[in-house]
Amino acid sequence: MNKTLKIATRKSPLALWQAEHVKARLEALHPDLTVELVKMTTKGDQILNSPLSKIGGKGLFIKELEVGMMEGVADIAVHSMKDVPYEIPPGFELGAILKRENPFDAFVSNNYDTIDDLPQGAKVGTCSMRRIVQLKARRPDLEILDLRGNVNTRLKKLDDGEFDAIILACAGLIRLKFEDRIKQEIPAIESLPAVGQGAVGIEIRENDQEILDIISPLIDEETTYRVSAERAMNARLEGGCSVPIAAFSTISEREITLTGLVGNVATGQIIKRHVVGHVRNSEELGIELANKLILLGAKEILKVD
């Protein structure tokens with residue numbers, strides 16, 4: 001039987017790429033399925049003159065999409081997993097996490113090849129508290145300025161000379177075919193990625209088995225284990241966008257290694273630890289790592305005045 005499935009998506013180029021990617025894969029899997037995009041504007045897209053940490057965090061990017069699903073305007077919503085709060089609102093659930101793209105941060109500059117090449121006092125743009133605290137630890141001399149907007153807007157600000165360099169996610173640049181703008185892929189040891197960075201998730205209405213059956217072939221098992229571990233750590237720490245939290249996991253032969261970090265931009269203090277265990281215990285490992293960080297003072301470090 002022919003069926004139409006509607007995807008709620010933001011209108012930014014990257015959000016549209018992600019939604020189109022899901023649409024193409026679903027239509028290839030289900031020849032009788034027609035997939036339509038429902039393009040929406042979120043509060044996070046509208047308020048561009050304030051840091052996310054000051055106006056409510058990354059959850060501002062998905063609220064309107066959830067309302068659309070609840071009202072029946074859309075059946076699913078496609079998100080960057082790093083934008084999905086650790087608490088999914090009642091009535092919704094994560095139905096699928098797709099295979100992860102490059103999860104690392106990217107150093108982008110027109111005049112310098114690496115962070116170390118930047119001159120004293122260079123202007124670097126980023127709106128991420130996580131990136132700021134790690135960048136300050138490495139180069140306290142840099143002038144770090146707020147940078148909002150979609151990927152294209154941020155690149156234009158760099159090209160207009162507002163910054164000497166900007167820090168973006170490799171995944172977004174790769175997906176939008178700006179891979180050549182990546183001057184340096186910053187390794188995790190220097191800039192631990194955001195929770196879920198590089199992964200795309202599909203949110204559905206809770207217990208919607210029909211939709212779950214349609215999207216389940218898109219689930220990537222390894223990415224799901226990794227992102228679940230990272231999100232479990234974040235949930236235990238009750239981490240939002242306003243505090244610097246990072247987590248990154250790798251899997252080798254069914255063994256997952258999860259590294260987590262918390263920091264304080266004002267004091268420069270950073271705590272970083274890791275845990276190792278079987279992938280089937282990924283969420284428990286995330287909680288274990290968070291408890292380790294809490295014992296070392298994470299809750300106090302994360303307090304924002």
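**View 1. Leu 237, a buried residue of helix 9.** Leu 237 has a relative accessible area of 3% and therefore counts as buried, a term that stands for under 20% relative accessible area, with exposed meaning over 50% and partly exposed in between, for a 1.4 Å probe and protein chains only. The residue belongs to helix 9, which covers residues 221-237; helices (H or I, at least four residues) and strands (E, at least two) are DSSP runs, numbered from the N terminus. When neighbours within four places in sequence are left aside, the contacts of Leu 237 are Ile 245, Val 262, Ala 290, Leu 293, Ile 294, Ala 298, Lys 299 and Leu 302, where contact means heavy atoms within 4.5 Å. Between Leu 237 and Val 276 there are 39 residues of separation in sequence and 19 Å in space, taken from C-alpha to C-alpha.

The model shown here is predicted, so that local features need pLDDT of at least 70 and side-chain atom pairs count only at pLDDT 80 or more, while totals for chains, interfaces and linings use all residues. Residues are numbered from 1 along each chain as its sequence is written, and side-chain values use heavy atoms, with hydrogens and water left out.

**View 2. Ser 80 in strand 3.** Strand 3 covers residues 76-80, and Ser 80 lies in it. Ser 80 counts as buried because its relative accessibility is 14%. Apart from neighbours within four places in sequence, Ser 80 is in contact with Gln 18 and Ala 199.

**View 3. Helix 5 and the residue Ser 128 at its start.** Helix 5 is made up of residues 129-138, and its buried residues are Arg 130, Arg 131, Ile 132, Val 133, Gln 134 and Leu 135. At the start of this helix, a side-chain oxygen of Ser 128 comes to within 3.3 Å of the backbone nitrogen of Arg 130.

**View 4. The whole protein, as a setting for the close-ups.** The protein contains eleven helices and 13 strands, and 51% of its 305 residues count as buried. Its C-alpha atoms fill a box of roughly 65 × 45 × 35 Å along the principal axes. Among the contacts with a separation of 6 or more, 68% are between residues 24 or more positions apart. The side chains include 39 positive and 45 negative ones, and the centres of the two sets lie 3 Å apart; Lys and Arg count as positive and Asp and Glu as negative, whereas His and the chain ends are not counted, and the place of a charge is NZ of Lys, CZ of Arg, CG of Asp or CD of Glu.

Definitions and conventions. Polar contact = N/O pair within 3.5 Å; in protein donor to acceptor, adjacent residues only side chain to side chain.
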